[in-house]
Amino acid sequence: EEKKFGREGCLSYPNVYGFIERFTSVKVSYCDMNWKKHIVEYKDGDILGIVIQHEMEHLEEGHCQVHGWWKDPEARKKELEESFKPQEEQHSEGYEIVESEDKKREREELC
C-alpha cells in the first residue's frame, strides 16, 4: 500500500529521467519452465520490485511513465508539483493534505 517517488529512467527513452511513484513492496507469482509456481516478494523499495513495476507498465500499457517525461517534461513537472501543492481550507487554520483522485481510485480498487 505504501508508495514513494523516485528518479527513474528507461532504455526506451535514453537520457530521460522522471520522478515516478511506485509501490515500495510488490509480490510476484510466476511459473517456471516446469510449471512449478513460485512467489517472490520485494520489500522496502528493492530495485527489482521497481523494475518489475516498470516492465509491467510496458506490457500492460505499451509504454512506461518515463514516456510522459520524454514527451513533455515541463507538463509532467508541473503536474507533479500540483499534486503536492497544499489546498487552502475554508477556515484560517492553514492547509490540509488532500488525497489525490488517483490515490482514491487505487484504494477503492484494492478494497
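The questions and answers below concern a predicted model.

Reader: How many bridges join strand 1 to strand 2?

Author: Strand 1 covers residues 3-10 and strand 2 covers residues 13-23. The two strands run antiparallel and form a hairpin with 2 residues between them. The number of bridges joining strand 1 to strand 2 is 8.

Reader: Which residue in strand 2 is the bridge partner of Arg7?

Author: Strand 1, residues 3-10, is joined by bridges to strand 2, residues 13-23. In strand 2, the partner of Arg7 is Phe19.

Reader: Is His54 buried or exposed?

Author: His54 lies in helix 1, which spans residues 47-61. Leaving aside neighbours within four places in sequence, His54 is in contact with several residues, among them Glu8, Arg22 and Val66. A residue is buried if its relative accessible area is under 20%. The relative accessibility of His54 is 7%, so His54 counts as buried.

Reader: How many disulfides does the structure hold?

Author: The sulfur of Cys64 is too far from the closest cysteine sulfur for a bond. For the structure, the number of disulfides is 0.

Reader: What does Cys31 count as, by its relative accessibility?

Author: Cys64, at 2% relative accessibility, counts as buried. For Cys31 the value is 42%, so Cys31 counts as partly exposed.

Key:
Residues are numbered from 1 along each chain as its sequence is written. This is a predicted model: local features need pLDDT of at least 70, side-chain atom pairs count only at pLDDT 80 or more; totals for chains, interfaces and linings use all residues. Side-chain values use heavy atoms; hydrogens and water are left out. Two strands pair if DSSP finds at least two bridges between them. Helices (H or I, at least four residues) and strands (E, at least two) are DSSP runs, numbered from the N terminus. Buried means under 20% relative accessible area, exposed over 50%, partly exposed in between (1.4 Å probe, protein chains only). Contact means heavy atoms within 4.5 Å. A disulfide is a pair of cysteine sulfur atoms within 2.5 Å.
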